[in-house]
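Reader: How should I read the main features of this model? Please start with the packing of helices.

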Amino acid sequence: MTAHEPLKFAYWVPNVSGGLVTSAIEQRTDWGYDYNKRLARLAEDNGFEYALSQVRYIASYGAAYQHESTSFSLALLLATERLKAIAAVHPGLWQPGVLAKLVATADHLSGGRAAVNVVSGWFKDEFTKLGEPWLEHDERYRRSEEFIRVLREIWTSDHAEFNGDFYRLHDFDLKPKPLDVPGRPHPEIFQGGNSTAARRNGGRVSDWYFSNGKDYDGFTEQVDEVNGYAVDAGRAGAVRFGLNAFLIARDSEREARETLREIIAKADVDAVEGFRSAVQQAGASTGDKRGMWADSSFDDLVQYNDGFRSQLIGTPEQIADRAIEYKRRGANLLLLGFLHYHEEVEYFGHHVIPIIREKEAEQAAREDPLVAAR
Ligand SMILES: Cc1cc2nc3c(=O)[nH]c(=O)nc-3n(C[C@H](O)[C@H](O)[C@H](O)COP(=O)(O)O)c2cc1C
């Protein structure tokens, strides 16, 4: 990955009801398949490389209905030609060998476009209502690290072996293996969070580290720390970074700001407060008190992944400037949510991405005059 590689874009698949903000503002977004199929096609035609399906098993503070992430991702893969689908999965609810098999099949059915986001979980009820134990925060991450190691071992070895505290493999040979795709040793493995445990896993085992919405310094701090863990693990430079943002691009800054103001003014206060108490208990449960959401304000939590904090809010030019700055600070990908998906994914593709590409070309030319001469 070089600084000259174009910034990539992913979108949050609205596979749960209620949209991406916990607000009564109008959201022209639908969690059903027909809407999502059209969205996926629009996205791949408008510069998006990835679609991230969320995993949620029960309603919580909105999201009354939820489509399952791996099956929904597969459906989107079959409805598209180039888009890569990332399915969020919980260690603790999946046996990793079964998931490895499912993803290998999805990879064959889609020409090598399957990926996973290993989420360690914040929602205790989801586990306890299914009768599964809810591990302490850092134990969840220790299990996730093993889970990722097991996936990689199964996908790459003909005699997969693993002897861990949570999982074991004995001379397991997955057939077929995932497709052999240039530039990718196996389906990509994403993982995210904010706590020390999440960052450590990012550096030690993930292909991609997802950051929640962050300002510039908050993002830089994570990139530096995750890269440090990667160096310690002998994986210098191996981790790529995605940053979450709720994007509001409008013709004028005033319109964009007004939309943000209305989202927050119409927030579902009970739902946001309920979410705040659940996740801050989950985040604060880390010894160092810096789990995701530990310092989020009410306004931040109206977008449940702190998406306003990245401030991709304004005119296309303003957003492109911030995107370039995040890229300079190590972002390889922006993970985006929108209020009105169909319309805004197209608007982003038509009005924002071209400016980002112009700025990338200018930057490349400044850094390498030979490029300018070409
Ligand atoms: C980009 C991103 C996507 C996530 N998607 C999900 C999801 O679909 N389902 C879920 O239960 N948790 C999801 N999480 C939450 C993580 O599993 C984890 O609980 C959270 O990041 C708390 O992290 P921390 O305590 O390590 O800071 C996501 C986190 C990030 C950053």
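**Reading the features**

Author: The crossing of helices H3 and H5 is right-handed; a crossing has this hand if the near helix is turned clockwise from the far one by less than a right angle, and is left-handed if anticlockwise. Helices here are DSSP runs of H or I with at least four residues, strands are runs of E with at least two, and both are numbered from the N terminus. This is a predicted model, in which local features need pLDDT of at least 70 and side-chain atom pairs count only at pLDDT 80 or more, while totals for chains, interfaces and linings use all residues. Residues are numbered from 1 along each chain as its sequence is written.

Reader: At what angle do the axes of H3 and H5 cross, and which residues make the contact?

Author: Axes are lines fitted to C-alpha atoms, for helices over the stretch in contact, and angles run from 0 to 180 degrees between N-to-C directions. H3 (residues 96-109) and H5 (residues 137-156) cross at roughly 50 degrees, and their axes come within 9 Å. H3 is therefore oblique to H5 (under 35 degrees is roughly parallel, over 145 roughly antiparallel, 65 to 115 roughly perpendicular, and the rest oblique). Pro 96, Gly 97 and Ala 100 of H3 meet Phe 147, Val 150, Leu 151, Ile 154 and Trp 155 of H5; a contact requires C-beta atoms, placed from the backbone, within 7 Å. Seven of the residues in this contact are nonpolar, one is polar and none is charged. In this scheme Ala, Val, Leu, Ile, Met, Phe, Trp, Tyr, Cys and Pro are nonpolar, Asp, Glu, Lys and Arg are charged, and the others, Gly among them, are polar.

Reader: How do H1 and H2 pack?

Author: H1 (residues 33-45) and H2 (residues 69-79) pack at about 50 degrees, with their axes 9 Å apart. That angle makes H1 oblique to H2, and their crossing is right-handed. H1 supplies Tyr 33, Asn 36, Lys 37, Ala 40 and Arg 41 to the contact, and H2 supplies Ala 75, Leu 76 and Ala 79. By class, the residues of this contact are five nonpolar, one polar and two charged. As a general point, an α-helix has 3.6 residues a turn, so residues three or four places apart point the same way.

Reader: Which residues of H2 are buried, and against what do they pack?

Author: A residue is buried if 20 or more other C-beta atoms lie within 10 Å of its own, exposed if 12 or fewer, and partly exposed in between, with C-beta atoms placed from the backbone. In H2, the buried residues are Ser 69, Thr 70, Phe 72, Ser 73, Leu 74, Leu 76 and Leu 77. They pack against H1 and H3, and against strands S1 (8-13), S2 (50-53), S3 (84-89) and S4 (114-118).

Reader: What does Ser 144 touch?

Author: Ser 144 sits in H5 and is buried, because 26 other C-beta atoms lie within 10 Å. Leaving aside residues up to four places away in sequence, Ser 144 touches Pro 91, Val 118, Ser 120, Gln 191 and Asn 201.

Reader: Is Gln 363 buried, exposed or partly exposed?

Author: Gln 363, in helix H12 (residues 341-367), is partly exposed, because 16 other C-beta atoms lie within 10 Å. Gln 363 and Arg 328 are 35 residues apart in sequence, and their C-alpha atoms are 10.0 Å apart.

Reader: Which backbone angles deserve a look?

Author: Most residues other than glycine have a negative phi, and most peptide bonds are trans. Ala 63 has a positive phi of about 50 degrees. Ala 63 lies in the loop between S2 and H2 and counts as buried, because there are 20 C-beta neighbours inside 10 Å. Asp 306 has a positive phi near 55 degrees. Asp 306 belongs to the loop between helix H10 (298-301) and strand S11 (313-314), and its 24 C-beta neighbours inside 10 Å make it buried. The peptide bond from Lys 175 to Pro 176 is cis, with omega near 0 degrees; Pro 176 is in the loop between strands S6 (168-172) and S7 (188-193).

Reader: How many helices and strands does the chain have?

Author: The chain has 13 helices and 12 strands. Its radius of gyration is 20 Å, close to the 21 Å that the globule rule gives for 374 residues, so it is as compact as a globular protein of that length (the radius is taken over C-alpha atoms, and the rule is 2.2 Å times the number of residues to the power 0.38). Buried residues make up 47% of the 374.

How values were computed
Two residues are in contact if their C-beta atoms, placed from the backbone, lie within 7 Å.
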